[in-house]
Amino acid sequence: MKPLIQPSRIQPSRRRFMAGAAGAAALQIVTSRGASATPEAMRAEITRVTGGAPVRSGKVALDIPQLVENGNTVSMAVSVESPMTPADHVKAIHVFNEKNPQPQVISMYLGPRAGRAAVSTRIKLADTQKIIAIAQMSDGSFWSGSADVIVTIAACLEDL
Amino acid sequence: MARALINVPAKAARGEIIEIKTLIQHPMETGFRVGYNGAMIPRDIISNFVCAYNGVEIFRAELSSAIASNPFLTFTTVAAESGEITFKWTGDNGFEAIETAGITVA
Amino acid sequence: MRALRALAAGLALGLAAAGAAEIAPGERRSGYDDMGPQTRAMQDDDSANPGMFWVLDGQALWSRKEGAAQKSCADCHGGAEAGMKGVSARHPAIDAARAKPVDIEERINICRAGRQQAAPLARESKELLALTAYIARQSRGQPVSIALDAQTRSFIAQGAAIWNRRQGQLNLSCANCHDDNWGRKLAGAGVPQAHPTGYPVYRLEWQTLGSLQRRLRNCMTGMRAEAYEYGSEEFAALELYLMARAQGMAMDAPGVRP
């Protein structure tokens, strides 16, 4: 499903494009521009980041509420199993999504001084979709974890 | 001027892993929305964040349009020595914000 | 269109059409209680709650000299921590000169105009939101304490009448959703009891802070009813009714809500 962009009124809200994505807004003027992320676009972006190296599943835990209360602000925490020593640590954590307008969400770079590979942020999710986090280790290996997230549509918005 | 809220423990034991939380005021306009007049609202986001501990980078992030308004980031570091932790956000339209927090390590 | 979806969802869950049954005091729960752990954590931790940006702005405004009188709020009221404690919890309150209920926004503007001799602040302006957030913050944990007396009675009744009146193209009343169907889902969103304890709130949907009236306007839009004007008497009465309905519940502003 394509992310959709619609005219906004007082307080432009991303929800509008989610409403469009829900397919119920037949009367709304809906436009979209540029490439939209798809599972394929996400895979291509992952390949760009990993340089085509194999990605194994495991070691990475992605903590996102399964049922999101509002896609405009979704808490997300990522942790990676790693001793975080100079010899063996996480160098980077990259997060990707399949249905926002772009596949990349955030890339975070850390090292042994972190002590622990545990980070969190808040993200926007345009639709119900899969989120993938990939950790790049100091030995060059890549590990991944994923989560399926259901985004609900808020009631009582500003626009009609 | 953007406000930022930083949460760093003022004191820590040497070797302790501390959590750092940062929240900064920013609209994070995605660049994918159409405004009132039918024209695209241009992208206006924070695209980079760097945290340095006594001048040495300990954490860095590249943000995209998919980061929520008023970006929130948390991460950890080992309390190594007393000194200053600095935070720098940069982004579209020349956005730049710098904050500093002191820490005493015993 | 969204309203049509809401209607469809409403029909699907068979919105109880029975006369509005008031919520028993022991069953009252705030919007905070309905939120997931991540959203609650966002509200609870001051360094994670974006509403604190407005609180900090309000703190700065509190001691800024304004208007022809060149007086700051602090010049007359002293520190807000002591002077404004519990004040938001008892608003709307009757303004003696007008003999009408005024909400905290209006109350601030009365001091702006009358005491500072400055232009009133526009509803939803950054400055008015900042001052309301800062003042509301001083009531955190305080019980809602509306004066329930001869003066407020008729206005509370006026607010209750609005609450129970079916209006808009969907022919729904506020009570249809919030008294009769709280705890159920509407197009995926949980229906809260609609207690105004957290206002102004940082609403995730808005990605910014907004007033109770803005929130009420959103529900009226959802009902396909024409929303009352900001600062209208209808809103003052409705806000007063909502606060009286939440009497005794703890204030939790600046709240975070979906």
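A: Contact here means heavy atoms within 4.5 Å. The model is a predicted one.

Q: OK. Which residues is C:His91 in contact with, leaving aside its neighbours within four places in sequence?
A: C:His91 is in contact with C:Val102, C:Asp103, C:Ile104, C:Arg107, C:Ile146 and C:Met243.

Q: And where is the place of C:His91 in chain C?
A: In the loop between helix H6 (80–83) and strand S1 (93–95) of chain C.

Q: Is C:His91 buried or exposed?
A: C:His91 has a relative accessible area of 10%. Buried means under 20%, so C:His91 counts as buried.

Q: What lies 2.8 Å from a polar atom of the C:His91 side chain?
A: The backbone oxygen of C:Val87.

Q: Switching to chain A. Where does A:Asn70 sit, in terms of strands?
A: A:Asn70 is in the loop between strand S3 (67–68) and strand S4 (74–80) of chain A. Its relative accessible area is 0%, and A:Asn70 is buried.

Q: Which backbone oxygen lies 2.9 Å from a polar atom of the A:Asn70 side chain?
A: That of C:Pro258, in chain C.

Q: Helices next. How do the axes of H9 and H12 of chain C cross?
A: Helix H9 (residues 150–164) and helix H12 (residues 233–245) of chain C have axes that come within 7 Å and cross at roughly 95°. That makes H9(C) roughly perpendicular to H12(C).

Q: Which residues meet there?
A: From H9(C), the residues include C:Phe155, C:Ile156, C:Ile162 and C:Trp163. On the H12(C) side, C:Leu238, C:Tyr241, C:Leu242 and C:Arg245 are among them.

Q: What's the split by class for that contact?
A: There are 11 nonpolar, 3 polar and 3 charged residues in the contact of H9(C) with H12(C).

Q: On to the cores. Which residues touch the most other members of the largest nonpolar core?
A: A:Val95, A:Ile106, B:Phe49, B:Phe59 and B:Phe87, out of 59 residues in that core. Strand S8 (residues 95–105) of chain B gives the most to this core, with 5 residues.

Q: What does B:Phe49 touch, not counting residues up to four places away in sequence?
A: Among the residues that B:Phe49 touches are B:Phe59, B:Leu63, B:Leu73, B:Phe75, B:Phe87 and B:Trp89. The list also includes B:Arg60 and B:Lys88.

Q: And what does the second, separate core include?
A: That core has 30 residues, including C:Val144, C:Cys174, C:Trp206 and C:Met220.

Technical notes. Residues are numbered from 1 along each chain as its sequence is written. Chains are lettered from A and ligands numbered from 1 in the order in which they are written. This is a predicted model: local features need pLDDT of at least 70, side-chain atom pairs count only at pLDDT 80 or more; totals for chains, interfaces and linings use all residues. Side-chain values use heavy atoms; hydrogens and water are left out. Axes are lines fitted to C-alpha atoms, for helices over the stretch in contact, and angles run from 0 to 180 degrees between N-to-C directions. Helices (H or I, at least four residues) and strands (E, at least two) are DSSP runs, numbered from the N terminus. Angles under 35 degrees count as roughly parallel, over 145 as roughly antiparallel, 65 to 115 as roughly perpendicular and the rest as oblique. Ala, Val, Leu, Ile, Met, Phe, Trp, Tyr, Cys and Pro count as nonpolar, Asp, Glu, Lys and Arg as charged, and the others, Gly among them, as polar. Buried means under 20% relative accessible area, exposed over 50%, partly exposed in between (1.4 Å probe, protein chains only). A polar contact is a pair of N or O atoms within 3.5 Å; within protein, one must be able to donate a hydrogen and the other to accept it, and residues adjacent in sequence count only if both atoms are side-chain atoms. A nonpolar core is a set of buried Ala, Val, Leu, Ile, Met, Phe, Trp, Tyr and Cys residues joined through side-chain atoms within 4.5 Å.
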